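These notebook entries record what I looked up in one structure.

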Amino acid sequence: MMDSASPTPWPALPAAAWQDTRQTLHLWTQIVGKTRLALSPMLNHWWQVPLYVTPRGLSTGPMPTAAGSCEIVFDFRRHQLRLHTSAGQQWDMPLQPRSVADFYRHYRALLREAGIHVRIWPVPVEIEDVTPFAEDEHHRAYDATAVERFWDVLLQADQVLNEFRGRFMGKCSPVHFFWGSFDLAVTRFSGRPAPPHPGGMPNLADWVTRESYSAEQCAAGWWPGGNGQEAAFYSYAYPGLPELAHAAVQPAAAFFSPEMGEFFLPYEAARLAPDPRQAVLDFLQSTYVAAAELAHWDRPALERP
């Protein structure tokens with residue numbers, strides 16, 4: 001169990017300290033995220049499927065239903081899953097130690113009680129373990145203190161990524177949380193098409209990936225760690241640019257991973273910097289500039305002076 005006191009606004013989040021909780025929460029967000037995918041109309045790059053950071057947790061935002069609209073929220077302060085409808089009704093389900101299968105059963109019952117009838121693909125995506133949700137009795141951890149620390153970092157990262165987003169006048173995604181990869185992301189676009197993505201992501205159809213990467217882009221975000229890796233901010237370009245490996249970026253702790261083809265700034269290095277916010281902004285800006293220059297983006301037309 002983690003200490004509930006956070007000495008700074010950027011708390012420590014060692015991956016090993018909440019590994020089981022992270023895995024369980026990832027699967028819970030996939031279940032709720034798939035509901036949004038099923039109910040919401042298609043948008044380019046699958047922008048209708050992510051969750052959004054709110055002052056309480058993560059939200060689907062409004063989703064159309066036969067009776068009007070609904071919203072589902074992970075409230076990480078009161079540790080409740082809440083379903084709101086436009087008719088003024090609300091249903092709650094506690095976030096507590098329980099298996100994915102148990103969460104899935106209770107969640108489906110909650111939807112039925114609210115009159116929301118939706119079919120979702122009942123297995124995880126973008127991870128190696130594809131145990132159907134209804135059969136997953138293994139993932140069952142929920143450390144509320146660890147989740148609150150995760151949430152504290154998400155709030156900080158969301159603010160910095162939105163500040164970075166505001167500097168761009170071209171096509172740009174919202175800052176949103178992708179439940180498949182379990183990360184917070186924002187993407188800038190040059191305005192030019194991109195070659196088809198090669199695909200190959202775990203348990204994700206290649207045609208899904210190709211829609212995501214159908215246009216030339218620079219993406220950045222924050223990932224809370226996993227699979228033996230620590231949390232980090234990241235930045236990459238698509239199509240990939242081999243020359244990025246030699247680019248000078250900031251701060252000094254940032255580095256380029258040839259294996260992943262992207263830049264990383266370890267979260268621990270960012271949070272311990274004299275000014276964490278500025279360290280992350282320097283990382284986002286310098287990696288974007290390196291990619292945009294190499295790819296010959298029309299920066300004067302795309303960037304806010």
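Entry 1, a helix residue. I began with R271 and found that helix α5, residues 267-271, contains this arginine. The model is a predicted one, and I read every value below as computed from it.

I turned to the domain assignment of the protein chain, which gives domain 1 as 16-114 and domain 2 as 144-301. I noted 25 Å between the centres of domain 1 and domain 2, taken over C-alpha atoms. For contacts, I found 29 residues of domain 1 touching 34 residues of domain 2.

Entry 3, buried area. How much area do domain 1 and domain 2 bury between them? I recorded about 2700 Å², with 70% of it on carbon and sulfur atoms. I then checked which residues contribute on the side of domain 1: H45, W46 and W47 supply 25% of the area that this domain buries against domain 2, more than any other three residues.

I searched the interface of domain 1 and domain 2 for salt bridges, and the rule finds one. I also looked up R77, which forms a salt bridge with D152; their closest N and O atoms are 2.7 Å apart. For polar contacts between domain 1 and domain 2, I noted a count of 14 residue pairs, with both residues at pLDDT 80 or more.

The largest share comes from α1, with nine residues. Sorting this side of domain 1 by class, I listed 15 nonpolar, ten polar and four charged residues.

I inspected the bond between Y238 and P239 and found it cis, with omega about 0°. P239 sits in the loop between β10 (232-238) and β11 (255-257). The peptide bond from Q250 to P251 is cis as well, and its omega is near -10°. I placed P251 in the loop between β10 and β11.

I looked up H79, which is not a glycine and yet has a positive phi of about 55°. Where does H79 lie? I located H79 in the loop between β4 (68-75) and β5 (80-85). H79 counts as buried because its relative accessibility is 11%, under the 20% cut-off.

I then looked up N203, a residue other than glycine whose phi is also positive, near 50°. N203 is found in the loop between β8 (183-193) and α4 (206-212). With a relative accessible area of 39%, N203 is partly exposed, since that class lies between the cut-offs of 20% and 50%.

Note on methods. Residues numbered from 1 in each chain as written. Predicted model: local features only at pLDDT ≥ 70, side-chain atom pairs only at ≥ 80, totals over all residues. Heavy atoms only, no water. Domains from an automatic or database assignment. Contact = heavy atoms within 4.5 Å. Buried area = accessible area lost by both parts, 1.4 Å probe. Salt bridge = Lys/Arg side-chain N within 4 Å of Asp/Glu carboxyl O. Polar contact = N/O pair within 3.5 Å; in protein donor to acceptor, adjacent residues only side chain to side chain. Helix = DSSP H or I, 4+ residues; strand = E, 2+ residues; numbered from the N terminus. Nonpolar A, V, L, I, M, F, W, Y, C, P; charged D, E, K, R; others polar. Buried < 20%, exposed > 50% of the residue type's maximum accessible area, 1.4 Å probe, protein only.
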